[in-house]
Amino acid sequence: METALPKSILLVEDNDTHAHLVERQLRKSAGSYSLCRATTLAEALKHLANVDVDAVLLDLSLPDSAIQETLQQVLDHHATVPVIVLTSLNDLDFANQAVKQGAQDFLVKGELSANLLERSIRYAIERKNSQRKLQQYAASLEASNRNLESFAHTLAHEVRSPLSVVSGCLQLIQADRSDSDDVETDQMIRDSLAAIRGISDLVNRLLNFAQATSANGDYRMISLECVLHEVLPVIQPTLDDVGGQLICGALPEVYADEVQLRHLLQNLLSNAIKYRRPGTALRINVDCQTHETEWLLRVADNGMGIDHENHDRIFAAFARVQSDSDIAGVGIGLAFCKRIVDNHSGRIWVESQLGAGSTFIVSLPKPPLDPHTNPDH
Ligand code: ADP
């Protein structure tokens with residue numbers, strides 16, 4: 001059977017008595033360890049640069065480093081090594097701060113036992129390994145998102161060019177045939193041009209969808225009212241065509257990426273118009289409530305509504321409820337909205353009943369307060 005190699009531990013401790021205490025407990029513990037000792041921060045950093053260490057037991061108060069800087073120095077130089085802070089204080093605030101800063105654990109020197117030390121080292125190494133795997137996974141996910149985005153760009157370009165050639169040719173043919181009385185062929189040309197417009201629209205939507213990643217955002221406080229005013233010219237003509245009415249409450253500033261928020265509002269408002277109830281005058285209400293930790297943006301319509309079993313499904317890509325109806329669409333709009341909201345660490349959901357209108361609710365979390373710009377908090 002293969003025997004595990006001893007874990008290599010670096011003890012950073014300038015006090016001989018404390019160092020012997022740790023050594024003794026480590027020898028008594030069930031694990032197998034090879035222990036090296038550094039008495040200054042400089043010595044510790046040098047050791048870490050030259051030797052593969054499984055974990056560091058770190059006293060923060062060293063002859064060449066101030067208590068509040070030691071841990072950061074070690075993490076700045078060796079972010080991947082698990083660090084357990086040794087302290088003479090039994091102070092939970094201090095422990096929390098060390099763990100927040102990046103230490104894996106915190107041990108009080110006077111309370112050390114072989115078991116405690118062994119367990120702390122084992123968990124510190126395991127936790128750090130999991131963190132490392134998670135970071136690698138996040139990095140590969142980010143890389144694959146970037147690949148997907150550039151793939152979408154290439155594809156969009158490859159599809160758009162031939163489409164514009166075909167559409168240009170069809171328009172020329174249409175112009176040449178202005179005197180023709182061949183109604184059927186004219187209709188075929190018009191249908192083909194409409195189909196090309198549909199494909200272009202789909203390509204644009206898919207491209208927007210692929211580009212909407214949190215990394216592409218410029219997140220800051222922006223006026224929701226201004227964003228709505230930018231969207232209005234796009235939706236107002238259709239709203240006027242159907243004789244609809246848009247009513248807005250007071251709209252606050254929210255923390256968001258402006259471009260993505262514009263897409264979000266545009267999609268929700270276009271849907272409210274698209275899925276209106278025949279025979280009922282369309283009414284859309286937009287409002288936004290400010291709560292302690294979030295903003296709740298609501299887009300409510302008195303349209304055809306959505307039955308309960310489809311409330312979650314409609315946010316998946318290519319999910320449509322009225323897929324066989326005459327209402328044009330591909331089912332990407334709400335998936336796009338959901339991605340935008342995810343990018344803002346928010347939530348989106350619908351409250352609706354079939355035949356009784358729909359209210360789409362977007363929760364946008366408030367950013368943590370910056371103590372430098374908000375001294376009162
Ligand atoms: P699309 O409109 O292209 O089908 P969406 O992703 O925007 O795609 O919407 C998905 C489905 O959700 C739609 O097919 C429709 O059935 C339903 N839906 C979206 N918005 C509304 C609304 N305001 N009222 C009723 N149904 C809606």
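Colleague: Which residues of H7 meet H8?

Modeller: This is a predicted model, to be clear. In H7, the residues in contact are Leu-224, Val-227, Leu-228, Glu-230, Val-231, Val-234, Ile-235, Thr-238 and Leu-239. On the H8 side they meet Glu-258, Leu-261, Arg-262, Leu-265, Gln-266, Leu-269, Ser-270 and Ile-273.

Colleague: How many of those are nonpolar, polar or charged?

Modeller: The contact of H7 with H8 has 11 nonpolar residues, three polar and three charged.

Colleague: And what angle do H7 and H8 pack at?

Modeller: About 35 degrees, with the axes 9 Å apart. The crossing of H7 and H8 is right-handed.

Colleague: Which strands does H7 lie across?

Modeller: H7, residues 224–241, lies across S7, S9 and S10. It runs at about 170 degrees to S7.

Colleague: Which strands does H8 lie across?

Modeller: H8 covers residues 258–274 and lies across S7, S9, S10, S11 and S12. Its direction is about 25 degrees from that of S10.

Colleague: Tell me about the sheet. What is the strand order?

Modeller: S7-S9-S10-S12-S11. It is an open sheet of five strands, and the pairing is mixed.

Colleague: Which strands are at the edges?

Modeller: S7 (245–248) and S11 (347–352). Each of these pairs on one side only. Across the sheet, the twist averages 15 degrees from one strand to the next.

Colleague: Do S7 and S9 run parallel or antiparallel?

Modeller: Parallel, with four bridges joining S7 to S9. As a landmark, Leu-246 stands opposite Ile-284 in S9.

Colleague: What about S9 and S10, parallel or antiparallel?

Modeller: Antiparallel, and seven bridges join them. S9 and S10 form a hairpin, with three residues between the strands. Look for Val-286, whose bridge partner in S10 is Val-299.

Colleague: How many bridges join S11 to S12?

Modeller: Six, and these two strands run antiparallel. S12 covers residues 358–365. Arg-347 has Ser-363 in S12 as its bridge partner.

Colleague: Switching topic. How are H5 and H6 packed?

Modeller: H5 (residues 114–176) and H6 (residues 183–211) pack at an angle of about 160 degrees. Their axes are 10 Å apart.

Colleague: Why are H5 and H6 called roughly antiparallel?

Modeller: Angles over 145 degrees count as roughly antiparallel. H5 and H6 pack at about 160 degrees, so they are roughly antiparallel to each other.

Colleague: Is that crossing left-handed or right-handed?

Modeller: Left-handed. The residues of the contact of H5 with H6 divide into 14 nonpolar, eight polar and three charged.

Colleague: Now H2 and H3. At what angle do they cross?

Modeller: Roughly 20 degrees, and their axes come within 10 Å. That makes H2 roughly parallel to H3. H2 is residues 41–50, and H3 is residues 67–77. H2 passes H3 in a right-handed crossing.

Colleague: Which residues meet there?

Modeller: From H2, Leu-41, Leu-45 and Leu-48. From H3, Thr-70, Gln-73, Val-74 and His-77. By class, four are nonpolar, three are polar and none are charged.

Colleague: Last one, the whole chain. How many helices and strands?

Modeller: Nine helices and 12 strands. The radius of gyration is 31 Å, well over the 21 Å that the globule rule gives for 377 residues, so the chain is more spread out than a compact globule. Along the principal axes, its C-alpha atoms fill a box of roughly 105 × 45 × 40 Å.

How values were computed: Residues are numbered from 1 along each chain as its sequence is written. This is a predicted model: local features need pLDDT of at least 70, side-chain atom pairs count only at pLDDT 80 or more; totals for chains, interfaces and linings use all residues. Side-chain values use heavy atoms; hydrogens and water are left out. Axes are lines fitted to C-alpha atoms, for helices over the stretch in contact, and angles run from 0 to 180 degrees between N-to-C directions. Angles under 35 degrees count as roughly parallel, over 145 as roughly antiparallel, 65 to 115 as roughly perpendicular and the rest as oblique. A crossing is left-handed if the near helix is turned anticlockwise from the far one by less than a right angle, and right-handed if clockwise. Contact means heavy atoms within 4.5 Å. Ala, Val, Leu, Ile, Met, Phe, Trp, Tyr, Cys and Pro count as nonpolar, Asp, Glu, Lys and Arg as charged, and the others, Gly among them, as polar. Two strands pair if DSSP finds at least two bridges between them. The radius of gyration is taken over C-alpha atoms; the globule rule is 2.2 Å times the number of residues to the power 0.38.
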